[in-house]
Amino acid sequence: MKIEYIIDQVKKTVKKYDETDPIRLADAMKIIVNYKPMGTDEGCIKGFFIIAKRMKHITINSDLPEELQKVILAHEIGHAVLHKEEAQVAAFHELMLFDGVNHKEYEANIFASELLLSNEDVMNAINEDQFFFDAARQLCVPPEMLDFKFRIMKKQGFKVESPIIANGDFLKHAERMSANYHES
């Protein structure tokens with residue numbers, strides 16, 4: 001899938017449901033969202049999306065910081081929009097989530113970054129002379145998610161440079177990210 005197609009799917013979804021907040025969007029899409037404790041160690045499941053009996057379900061690890069749960073929910077909504085056929089066969093979950101080799105995970109990352117981060121909000125954060133990592137913190141996303149948004153913005157002609165190149169598996173490291181969210 002091309003980035004432009006994913007961006008178009010985000011726009012269509014937001015327009016159809018008139019919502020950008022992942023929690024309210026999931027509700028509007030009639031996706032059942034459950035929060036279950038699944039630990040914070042590196043191997044823990046962060047979230048997954050399945051379709052069972054024609055009902056869409058997303059489960060999010062409630063042990064993770066709320067900001068991170070929102071990012072994971074946006075990613076899983078990306079699967080609900082982009083990969084619903086595959087979800088009827090097997091769940092998308094954090095064990096393979098954000099795996100740099102898996103194109104579907106990369107696509108869901110692009111979807112989540114486009115849903116969570118408007119070009120205007122990103123540019124406002126960057127134009128406040130903030131460092132990249134401070135801007136990510138202000139925008140309540142992991143720096144890797146901001147890197148994904150920068151990739152989209154570069155395709156759109158923005159002159160933005162990320163100091164990192166996010167691997168697709170960045171959310172596998174929940175314990176490190178949990179510590180970052182509790183700083184401030």
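**View 1. Overall surface and fold of the predicted model.** The protein exposes about 9,500 Å², of which carbon and sulfur atoms supply 52% (Shrake-Rupley method, 1.4 Å probe). Of its 184 residues, 46% count as buried (under 20% relative accessible area, with exposed meaning over 50%; 1.4 Å probe, protein chains only). The protein has nine helices and four strands (DSSP runs, H or I of at least four residues and E of at least two, numbered from the N terminus), in the sequence pattern α-α-β-β-β-α-α-β-α-α-α-α-α. This is a predicted model, in which local features need pLDDT of at least 70 and side-chain atom pairs count only at pLDDT 80 or more, whereas totals for chains, interfaces and linings use all residues. Residues are numbered from 1 along each chain as its sequence is written, and side-chain values use heavy atoms, with hydrogens and water left out.

**View 2. The packing of helix α3 against helix α5.** The axes of α3 (residues 66-82) and α5 (residues 103-116) come within 8 Å and cross at roughly 115° (lines fitted to C-alpha atoms over the stretch in contact, with angles from 0 to 180 degrees between N-to-C directions). Among the residues that meet are Val71, Ile77 and Leu82 in α3 and Ala108, Phe111 and Leu115 in α5 (contact meaning heavy atoms within 4.5 Å).

**View 3. The two sides of helix α6.** In α6 (residues 119-127), the buried residues are Asn119, Val122 and Ala125. They lie on the same side of α6 because they cover an arc of only 135° around the axis (taken from the directions from the helix axis to the C-beta atoms). On the other side of α6, Glu120 and Asn127 are exposed, while the cover of the buried residues includes α7 (132-138) and α8 (143-155).
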